[in-house]
Amino acid sequence: MSSAPQQPEKAFTQEERNDSANSPPPPSDKDTTLIKELINAGVPLSRVSKLFHDRISERDVTRIARDVITEATSAAAAEAISSGGTISNNKILPSFLPELGMSILSRSSSARTDTHFLRNHAANLTSCEDAPEEMIDPLFFTLMMDPVVLSSGYVMDRSTVVAEEDGAGSKLKFHTCPFTRVPLEQSVYPLIYLRRKIFEFKQAKIETMMETARVLLDRGGDSLKNFWEVIDKCESFIDEIGDTTYIHLASRLASLSLEAYDAQNENEKCEIVLVTPTRLATILGRLYRGCPSLQKACNDDGKGESEGDIGEALDDETKANYENFRKRVADLVVCANNSIDDKKFDEAALWIEACEMVYSSCSNLN
């Protein structure tokens, strides 16, 4: 079961960092061990700091917390390797690590420039090890999307147990329950309340991942690789819960991805592989679906007028967003033509596919 989310805390002030004269002495081995034990027990970092405020500085407590993340992630990686798997598909990471990582980032500016810490934190974020047990499919040990209850009483994801569905009902993949060996009825029943809880869990994860992605993007350099790993998981969660349902999250995700794309294009020394044409098309499509005002502007061809209706003039922000979006779409066509002119036909095919994806997903784009 996951522990209660830890609340973000303020970063150290410059005065707090530099005031070494009033800082307590370094923590003893005994105190260090106790702090790690408390953190591993899920005690919020703010509470741990208060328990030791009279003899250990917040900076040292935060440093020890960073060590906890490093040790836990390294141990999980070693166990995963020994079992022939990966961290993401072995339920061996402590559930509090994502919240602990965000708490550290909010408290310590040095953590935001620590590549090793950021890499470990990104790995913890993109796993689902902090999900409550009731959200995990008992057969595949993965986070469920559409939980259903079987006639045996067990809850599983629909994709795990249902082979196909038609007007006559469901056809199950199993004749008997894998856990009770009891014959199964062919009907399954959706658990709407649990599906909602899973969506809320994913939404909270997306918020946390986007906060971390923002830090990684600001860090730049090698952190961009971790940025796209976090964004990949964000996109998969958004796709699962529906970007038209959570349009504010979809819009923020697309804007953040475009900012990273622009930053990489502007950095000639960037060694990270640039966003592929297909990915850029996906980002533009998500941006379009996540912004109703942009959809209306595309439908009205940027004039703020609908057919048969005078309409209202677009405000400056919407007009700027519309013009920027149209320019990005036009750039896809330019890249396709340039690739053809350079006889890079494989590359041209990718840009053409990206154009088709954008026009297909943006129904009102003229």
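1. Let's start with leucine 143. In this predicted model, and leaving aside neighbours within four places in sequence, leucine 143 is in contact with Cys128, Ala131, Met135, Ile136, Ile198, Phe201, Lys202 and Phe237.

2. Leu143 also turns up in the largest nonpolar core, which has 81 residues. Along with Ile39, Leu100, Phe227 and Phe325, Leu143 touches the most other members. Helix α8 (residues 192–219) is the top contributor here, giving 11 residues to the core. There's a second, separate core too: nine residues, including Leu150, Met156, Leu172 and Cys177.

3. On to charges: I'd look through the salt bridges, 17 in the structure. One of them pairs aspartate 31 with arginine 55, at 3.1 Å from N to O. Aspartate 31 sits in helix α2 (residues 29–40) and arginine 55 in the loop between α3 (45–51) and α4 (58–82), so this bridge links parts 24 residues apart in sequence. Aspartate 31 counts as buried at 13% relative accessibility, while arginine 55 is partly exposed at 37%. Salt bridges with shared partners also join Asp31, Asp54 and Arg55 into one network.

4. Next, glutamate 259 and arginine 214: their closest N and O atoms are 2.7 Å apart. Glutamate 259 belongs to helix α10 (residues 247–266) and arginine 214 to helix α8, so the pair ties together parts 45 residues apart in sequence. Both ends are partly exposed, glutamate 259 at 37% and arginine 214 at 28%.

5. Aspartate 67 is partly exposed at 29%, and arginine 63 is partly exposed at 37%.

Key:
Residues numbered from 1 in each chain as written. Predicted model: local features only at pLDDT ≥ 70, side-chain atom pairs only at ≥ 80, totals over all residues. Heavy atoms only, no water. Core = buried A, V, L, I, M, F, W, Y, C linked by side-chain atoms within 4.5 Å. Buried < 20%, exposed > 50% of the residue type's maximum accessible area, 1.4 Å probe, protein only. Helix = DSSP H or I, 4+ residues; strand = E, 2+ residues; numbered from the N terminus. Contact = heavy atoms within 4.5 Å. Salt bridge = Lys/Arg side-chain N within 4 Å of Asp/Glu carboxyl O.
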